[in-house]
Amino acid sequence: MPSIFRPDPPLVLGILGGVGSGKSRLSSILAEQGLLVLDADREAGRVLASADMRPILEQLFGPEILGPDGPRKDRIAAAIFSDPCLRGRLEEAMHPRIRKILLGEMQRALETGQSVVLDVPLLLEGGLIAHCDRVLYLDVPAGLREARVRDRGMDPEDWRRREAAQAPLADKLAAADKVFDNSGTIEDLRKQVLTWLDEESDLSSR
């Protein structure tokens, strides 16, 4: 599919929002417009399953953390969100690997003139926000976000733990260049995004 959004120079867009705010929904809309979406959660899954992580996982969680199909992700998630120290040690092992992958893919895309979306849960905390030309924030009431993650099968207590492990929403909002209301349908969000992309395209052509 030919790129629709093709500013010169290409842009790096970062996405911020609370857990359940719809970052994947926004990413999918931006991908439709020709942007390359770099998904940190997807890369984290690949890194977690890599051979060089096996001894680290066994050291942190014990040999039982490795099942016949790879790391037992549900057990890892339960452990790290109840133990900040353990979460920090796992992040120390994984984040440099994930960061290297994301930055490499980002650079290759930019060199071809393609704009990039960083869908990174810890965009602000991990420092990758420094690579963003624009930061987008998804505004969704807490009650609606909780209902959405519950519909996806996430326990409300797990949602609260994950939310507490991230930067405060006020800090995320303060770092944003553009705020989208994602309390409605995906079509409502798409209209807002397309209008904003048109504005950005007009600015880049001047």
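Mentor: The model is predicted: local features need pLDDT of at least 70 and side-chain atom pairs 80 or more, while totals for linings use all residues. Residues are numbered from 1 along each chain, and side-chain values use heavy atoms, without hydrogens and water.

A pocket is an open set of points on a 1 Å grid where a 1.4 Å probe fits, with protein on both sides within 12 Å along at least five of seven lines; lining residues have an atom within 4 Å of a point. Of its 41 lining residues, Asp 41, Ala 44, Phe 81, Pro 121 and Arg 162 are the closest to the centre.

Helices α1 (23–32), α2, α4 (73–80) and α5 each contribute at least two lining residues; helices are DSSP runs of H or I with at least four residues, strands runs of E with at least two. The most come from α5, which supplies ten. Helix α5 (residues 84–111) also lies across β1 (12–17), β2 and β5, contact meaning heavy atoms within 4.5 Å.

Those strands belong to an open, parallel sheet of five, ordered β2-β5-β1-β6-β7, where pairing requires at least two DSSP bridges. Its edge strands are β2 (36–39) and β7 (178–181).

Methods
Axes fitted to C-alpha atoms, helices over the stretch in contact; angles between N-to-C directions.
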